[in-house]
Amino acid sequence: MAEILDKDIEMEEEDTQKGKYLTFVVGNEVYGIEIRYVTEIIGIQAITEVPELPVYIKGIINLRGKIIPVMDVRLRFGKEPKEYNDRTCVVVVDIGEISIGLIVDSVSEVLTIPDEDIVPPPQLNKAQNRYIKAIGKVGNEVSLLLDCEKLLNDDEVAVLSEI
Amino acid sequence: MMIDDSQRDSMFELFIFETRQLLEELEQELLQCEKTNQIEGSIDAVFRIMHTIKGSAALMQYRNISELAHAVEDLFFILREDKPQQLNTPQIIDLVLGAVDFIKDQIACAESKQAVDGDASSLIATLHQYVAQLKAGDEPVKEQNVMKETDNPGPEAPGYEAVIHFEPGCGFEDVQSFALINDFKQYATAIRTVPESFIDDEDGIHLIKSQGLKLTFQSDLDMEQLKTVLEKNAFVKEVVLTCIEDEGKQTVKSKPIIDLDGEIPQPVAEKETKETRVSEPKTKQSNGEAGVKQSLISVNVNKLDLLLDLVGELVISEAMVTRHPELDGLPLDNFYKAARQLRKITHELQDLVMSIRMVPLAATFQKMHRIVRDMSRKLGKEVRLNVVGEETEVDKNIIEHISDPLMHLIRNAMDHGIETAEERRSKNKPEYGTVTLEAKNAGSDVLIEIRDDGRGLNRERILEKAKRLGLLTKDESELSDRDVFGFILLPGFSTKEEVTEFSGRGVGMDVVVKEINEIGGAVLIDSTPDVGTVFTLKIPLTLAIIDGITVRVGKSQYSIPTTSIRESFQMKAEDLITDPDGNEMIMIRGECYPVLRLHQLFNVHTEVTRIDQGVVTMVESNGKGLCLFVDELLGEQQVVVKALPKYIKKVKGIAGCTLLGDGSISLILDIPGLIQMMTA
């Protein structure tokens, strides 16, 4: 633990956000997203549907005058849809020039995962883990670290823009 | 030298902005001269503008620009000082316009972060040649001028000492001093400075900051003139000028041009002119310039956009507070009184912010004079430009989009529309052609007409070309004139056989249409053989705010721009006509319109599916109509248009979105798009 703390302080000098991940739950898994992408976390709000979008883009929301699209991460990962409840959160992320809200089942915590605890995902032939950049070990559990760029800019979106 | 990036960036921006403005001003001035064939009245203005450009270009280290500006300045110095009799005004104007074009080019390069390395030497050489010509032609002039040109003034040139104080905090005093001295070399000789070295010399800079830059020099100019010359430099706060020879130590202390707080320059005209009254009138111009009251400030457009967004949010929050559901039924007379006041102020604020963004078309129209002039020369056709309604205001964003299309249409009109002088004579028209540029308000649209009195469009030739390109889908006789003329707006369509420098390549008309469509406008063409052609650009007054009717479909709300709505009504089930393909339509006053069910188009679940349960709204665009079937109308309100998030990209039938009073989002329907989709 002391080692981790030392490491932590060291890194803080470099960049306070480095190695920190916001973890959230979708289904049975814990996912992590680099904290530098996250701007804020809000509760679920009224979503305006926009026609012609893929199912996982639920529509747009009004974030204090700024209009941003929201993506249901459940549907994005091809899981069964689930009713939104009090625990449902929208994680607003800024990736490149794009602001987007990610609808997740619930948000857990902010963790520091040092580099040595992060391993690349196993090479599967199935396309299932294409959004997973790496896997982080947190105590006894693992957290699937998301590749935000891919989450947004996958082929499906490219197809979408051609409609 | 410590110039941090942001400082340099803002200076750079200011340089580009100011120089652009000055060049435009200069162009206007010159074109005015050309009309009257009198340059005398503008000499001072040209001189002043060139001088400013020279100074700022030197500061930004654009040597080619400053050298060229210097050459022009030389020319006008002679014109101003010596007033030569036989002036070739057109030639001077050409020379200066050539220089203006060069500087414009270079600035465009600088702006796009390219190297500013254009070669101005030939222009400068021509200018020098002309200056020499002037001198040779005017013998006494030469003598007077020798002083200025030679490096050694006669021993009788009086010596002066000047202490120049820069504005505190203006930054890099060493560069300022260097620029000042460089500039000053043309007026004075044997310049010595205290401190002697200051470039990259901390001590020297410190000395300039604390005690000012001390100059000793010899010059033929008198005190007042020298003071003016020195004060004209950027960031100079105060100049103390002393004549060394003069026993009485006559000191002219100038009034600070800019007050210490660095606020908007105070008008100092009164005092200044009082002081300069003794001097010759020619120096008044430059002094008067400093005294012009600053009532304009330039603001970054992004800031305005931000302000508009904020005010939009304020309007929404105001509605959220004053119409809060929890207030329902409570006897809150005083609260409502206060709320009304708040609403009034927020709406006034909104109107004001909108009006800030409105810019008159004048500047854009003025630019066209230059185009017409150049084209006239090159095509050898005399064309007069007639501008009407230039005070019409449109949104700043729109102005940026119409300059190029206008330019193109005017070029087209002059190249293809207006006939040659002989042809015009044979048609009993005046020899000179007329192009009229007219702007007028029409509801929430602005109409800009580009009218020429040329030969008009040739229906037969256009049809023939269209046939060749395989564009004809209907029989010729079915096509109205407007349909036929519409072909010329398509890409790659040009009936002109030979390509000229300006037009005829078939790229262009489609670009015009694209640009105009981008801002939600339309291009209409009317033409009568031998009477002329009229291009009408119909553009919206503003992009940022529209009047919209909000309609409901299922749980979703949509806004329809009020201007595109013709009428709304309930219809009976038996009025609905369905063709074998399942397309629904309705007959209204003898015309048949397609019916579009929004819930089907957008795949929205709704209870209202029977045509007689909901409301039908007839919309139109470009003369085509369409009936939209919605659940109900919710009401009319002004909405602030926002673009859909970039990530969503383009959705068919949706132009954007807007925030409603309760904070919910409504999608704005793209009526022209829908109509095109249904009728194409």
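**Before selecting anything**

Residues are numbered from 1 along each chain as its sequence is written, and chains are lettered from A, with ligands numbered from 1, in the order in which they are written. Because the model is predicted, local features need pLDDT of at least 70 and side-chain atom pairs count only at pLDDT 80 or more, whereas totals for chains, interfaces and linings use all residues.

**Confidence**

The mean for chain B is 75, and 79% of its residues reach 70 or more. Select residues 139–156 of chain B: pLDDT stays under 50 there, and the model has 15 contacts beyond four places in sequence for this stretch. A contact requires C-beta atoms, placed from the backbone, to lie within 7 Å. Residues 246–292 of chain B also stay under 50, with 60 such contacts. For the complex, the predictor gives an ipTM of 0.75 and a pTM of 0.50.

**The interface**

Display both chains: 18 residues of chain A are in contact with 21 residues of chain B. On the chain A side, the elements that give two or more residues are β4 (57–63), β5 (66–72) and β7 (98–104). Strands (E, at least two residues) and helices (H or I, at least four) are DSSP runs, numbered from the N terminus. Select β5(A), which gives the most, with three residues. By class, this side of chain A has 11 nonpolar, four polar and three charged residues. Here Ala, Val, Leu, Ile, Met, Phe, Trp, Tyr, Cys and Pro count as nonpolar, Asp, Glu, Lys and Arg as charged, and the others, Gly among them, as polar.

**Two sheets of chain A**

Next, select the open sheet of five strands in the order β3-β6-β7-β5-β4 of chain A, whose pairing is mixed. Its edges are β3 (38–43) and β4, each with a single partner strand, so one side of each has no neighbour in the sheet. Pairing requires at least two DSSP bridges between two strands. Within this sheet, β6 (89–95) and β7 of chain A are antiparallel over seven bridges; A:V90 has A:I103 in β7(A) as its bridge partner.

Move to the six-stranded open sheet of chain A, ordered β8-β1-β2-β11-β10-β9, again with mixed pairing. At its edges stand β8 (106–112) and β9 (118–119), each with a single partner strand, so one side of each is left without a neighbour in the sheet. Six bridges join the antiparallel strands β10 (132–138) and β11 (141–146) of chain A, where A:I135 stands opposite A:L144.

**Strands and helices of chain B**

In chain B, select β12 (532–540). Strand β10 (445–452) of chain B pairs with β12(B) in the antiparallel sense over eight bridges, and B:D445 stands opposite B:P540. Strand β11 (522–528) of chain B is also antiparallel to β12(B), over seven bridges, with B:K538 as the bridge partner of B:A522. β11(B) and β12(B) form a hairpin with three residues between them, and B:D530 in the turn has a positive phi of about 65 degrees.

Finally, select helices α15 (396–417) and α19 (509–518) of chain B, which pack at an angle of about 150 degrees with axes 9 Å apart. The contact is made by B:H401, B:D404, B:P405, B:H408 and B:L409 of α15(B) and B:V512, B:E515, B:I516 and B:E518 of α19(B).

Technical notes: Contact = placed C-beta atoms within 7 Å. Axes fitted to C-alpha atoms, helices over the stretch in contact; angles between N-to-C directions. pLDDT = per-residue confidence, 0-100.
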